[in-house]
Amino acid sequence: MVAKRRYAVGVARREQILEAAREVFSVRGYRGGSMRDVAARVGLSLAGVLHYFPSKEDLLAEVLQQRDDIDIPWFEEKWAELGSFRLAVRELQVRNMGRAGVMRLFVTLSAEAADAQHPAHDFFAKRYRTSRELFSATLAKAQERGEVVEGASGPLLIAVLDGLQVQWLLEPDFDLLTALDAYLDSITR
């Protein structure tokens with residue numbers, strides 16, 4: 001019983017550290033945020049954080065991977081639930097807007113990671129390759145269902161979603177959802 005309790009405490013502490021890292025990296029970027037900043041947010045020493053994540057790079061990798069591990073199944077479930085690709089994409093953006101810190105983190109880190117020396121460079125290069133394949137396959141599935149017009153592009157959809165998010169983060173009064181709806185009007189039936 002004690003081992004299970006320690007395990008549960010360890011899992012909870014890891015989640016606290018990941019949440020703190022998301023906050024720190026989303027505001028300060030990877031290079032500007034430190035492991036000490038993360039440790040301070042969760043009331044641990046630097047050694048305490050390093051017990052769970054042996055390096056800043058390991059922490060970053062986990063923060064980044066966690067979002068994809070959650071968002072991909074969420075989108076698939078939402079599409080099945082709503083029965084509409086268009087509505088599922090819109091709900092994904094609404095969800096992302098409700099997690100502005102996570103959105104800011106990805107925008108900030110993806111821009112920083114354009115530098116080949118950045119620790120997240122390989123992650124983002126792979127993520128965009130995988131996303132292009134996933135979005136293209138998803139759009140093909142939506143085309144088969146008659147929800148999306150022929151020629152809708154996975155890479156273009158990614159660019160629209162990412163670009164609208166950047167605009168909204170820079171200007172919170174920008175009507176992201178109206179702009180998204182206008183784009184979706186051009187690719188959905």
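Modeller: Glu 19 and Arg 22 form a salt bridge, with their closest N and O atoms 2.8 Å apart. A salt bridge here is a side-chain nitrogen of Lys or Arg within 4 Å of a carboxyl oxygen of Asp or Glu. This is a predicted model: local features need pLDDT of at least 70, side-chain atom pairs count only at pLDDT 80 or more, and totals for chains, interfaces and linings use all residues. Residues are numbered from 1 along each chain as its sequence is written, and side-chain values use heavy atoms, with hydrogens and water left out.

Biologist: What separates Glu 19 and Arg 22 in helix α1?

Modeller: Helices are DSSP runs (H or I, at least four residues), numbered from the N terminus. Glu 19 and Arg 22 are 3 residues apart in α1, so the separation is about one helical turn.

Biologist: Is Arg 22 buried or exposed?

Modeller: Buried means under 20% relative accessible area, exposed over 50%, partly exposed in between (1.4 Å probe, protein chains only). Glu 19, at 35%, is partly exposed. Arg 22 has a relative accessible area of 13%, so Arg 22 is buried.

Biologist: Which parts does the pair Arg 31 and Asp 115 tie together?

Modeller: The side chains of Arg 31 and Asp 115 meet in a salt bridge, at 3.1 Å from N to O. Both count as partly exposed: Arg 31 at 47% and Asp 115 at 33%. The two residues are 84 apart in sequence, so the pair ties together helix α1 and the loop between α6 and α7.

Biologist: Which helices hold Asp 181 and Arg 86?

Modeller: These side chains form a salt bridge, 3.9 Å from N to O. Asp 181 is buried at 19%, while Arg 86 is partly exposed at 22%. The residues are 95 apart, in α9 (176-187) and α5 (85-97) respectively.

Biologist: How many salt bridges does a search of the whole structure find?

Modeller: Some join into a network, which links Arg 67, Asp 71, Arg 95 and Arg 99. Searching the whole structure gives 14.

Biologist: Which residues does Phe 124 touch?

Modeller: Contact means heavy atoms within 4.5 Å. Leaving out residues up to four places away in sequence, Phe 124 touches Leu 64, Phe 106, Leu 109, Ser 110 and Ala 113.

Biologist: Among the elements, which has the lowest mean pLDDT and which the highest?

Modeller: pLDDT is the predictor's confidence in each residue, from 0 to 100. The protein averages 90, and 97% of the residues score at least 70. The lowest mean, 82, belongs to α1, and the highest, 97, to α9.
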